Amino acid sequence: MACVKHFALYGAAVAGREYNSVDMSPQQMFEYYLPPYKAAIDAGAGSVMTSFNDINGLPSTANSWLLTTLLRKKWGFNGFVTSDYGSVAELSTHGLGTPSEVAALALNAGTDMEMVGDLYIETIQKSVEQGKVSEATINQACERILMAKYKLGLFQNPYLYIDAQRAKTEELSPAHKALARQAASSTFVLLKNDQTLPLTAKGTIAVIGPLADSKVNMVGAWNIAGNPEDCITVLEGIKEATQGKANIIYEKGANITDDPLLKHRVNVFKKEISTDKRSATKMIQDAVRAANNADVILAVVGEAADMSGEAASRMHINIPKSQQKLLQALKATGKPLVIVLFNGRPLTLNWANENASALLDVWFPGTEAGNAVADVIFGKVNPSGKLSMSFPKSVGQVPIYYNHKRTGRPFNDTSSASKYKSDYLDGSNLPLYPFGYGLSYTTFRYGPVRVSDKVASASQHITATVKVTNTGKYKGTETVQLYITDPVARVTRSVQDLKGFKKVTLKPGESKDVSFIITPELLKYYDYNLNYDWDPGEFILRIGTNSRDTQAAVIHYKKD
């Protein structure tokens, strides 16, 4: 049974600080944050988990508008709602009342089940006696939970899905490991490449960095059942891929961090950050010695698994200083420097972007991490991942996103005259890497946007087409992205919104037309009264390789 979490707006915490408040306009909520939840409900999800944050001043676990008016009455959800871990009791900490008062609030709002807490058990009977909760409300909550168990077949067999023998044959089976390997390499985003990648398995390759041979950090945060011993590290993957073809030398080079407080907080559950017996200076010296004996350097750096994820907010979203010093020393050797980056969030990568020969973001690739990295490094797999978030140049730009609202005083980054514009005195508005960005070992050329009609009525559709050509020497997969701009509307609109994307795989020299069907449904937005509709007039279609690099065409839609 699918559980949709965390409902809702949990990704919009103020200042990006975990468990913080959320302050959001209704338009933004309905336009961008609620649609994925709605899609999951429409697809048949059986349960919903509340979020920790408040919505319009009322935490979601006690928010009857969210859980009953919107979720059940408007969206037609008929499954059950569970709290997040301890979130019913935490309503008191939010300032909503005593334990018995907040339990009644949560149950009456539509939270059917309390996860990891006893307030329902301890207080609800008394609340019924006091008339604060009705027996009908309790019966309804119980019915929803029992119905879910019934649909799952658990009344007939409580252990229906438990099969120790199947686990032995299914977990880490060759087929599943192959899929994990393929899935991981598909997510990698090539951020920079001066033709250093892909490497040829020959000569001497120095694999250097605190994440190069760290099994515990391969699977990332919240892996729960992931066993580090089952993981393939980058060092292991590189050695396997080059067996008998190249000489591999390894040095740790630096600790993930030398900050004792950060190390302590990250290592709460498991030892992800270890401190080498050598001094930081000695580690770098040993790494430089190895680099000088190599033809190319693979520097495997970034975040430890629990430096991102839940309860892992960071004030400085850079590569930790200990590793930055290592990278600078490796750069000074003059050898080609390929950075393999582990991270669970956008980082500020200005130095790496300017100084690395190649920069490959592999996130936290999982059990088959090392093999997947080797597949891409040596060209067995051509990277095709695209960024799902903009990467800032500075933390001061955060929040930074491609679909920001238009302002009355927009800044034009191509102009030097910026006084009294919406900009920064000490830097650009533009991100380091825009939303949708990602390179390939080959290159793609986009032709102009062709439209089937320049003018259409509400009952018609327009087909927008671009020709994409592989102009490089490798077979590659490109994600063609469609953005739409609405220049004039009843409310302030974004500069553009992603409205579609398609993947196309091309051989060297091959061209294919990629088409998108434009209908009024793609033009709709929520106005100030939360009416979901579109306005007749001009629309700009932008199609390209990311949110920044696009071709454009103008169309007009008329109301029937």
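Predicted model: local features only at pLDDT ≥ 70, side-chain atom pairs only at ≥ 80, totals over all residues.
Residues are numbered from 1 along each chain as its sequence is written, and side-chain values use heavy atoms, without hydrogens and water.

The partner of Arg72 is Asp112, with 2.9 Å between the closest N and O atoms of their salt bridge (a side-chain nitrogen of Lys or Arg within 4 Å of a carboxyl oxygen of Asp or Glu). Because Asp112 lies in the loop between helix 5 and helix 6 and Arg72 in helix 3, the pair ties together parts that are 40 residues apart in sequence. Asp112 is also buried, at 6% relative accessible area. Helices (H or I, at least four residues) and strands (E, at least two) are DSSP runs numbered from the N terminus.

## Helix 5

Helix 5 spans residues 99–109, and its buried residues are Val102, Ala103, Ala104, Ala106, Leu107 and Ala109. These buried residues pack against helix 3 (64–74), helix 4 (90–94), helix 6 (119–129) and helix 7 (135–151), where contact means heavy atoms within 4.5 Å.

The whole structure contains 23 salt bridges. One of them joins Asp375 and Arg181 at 2.8 Å, N to O. Asp375 belongs to helix 15 (residues 369–377) and Arg181 to helix 9 (residues 174–187), so this pair ties together parts 194 residues apart in sequence. Asp375 counts as buried at 7% relative accessibility, whereas Arg181 is partly exposed at 26%.

Arg490 and Asp535 also meet in a salt bridge, at 2.8 Å from N to O. Arg490 is in the loop between strand 16 (476–485) and strand 17 (497–506), and Asp535 is in the loop between strand 20 (532–533) and strand 21 (537–544), so parts 45 residues apart in sequence are tied together. Arg490 is partly exposed, with a relative accessible area of 36%; Asp535 is buried, at 12%.

Note on methods:
Buried < 20%, exposed > 50% of the residue type's maximum accessible area, 1.4 Å probe, protein only.
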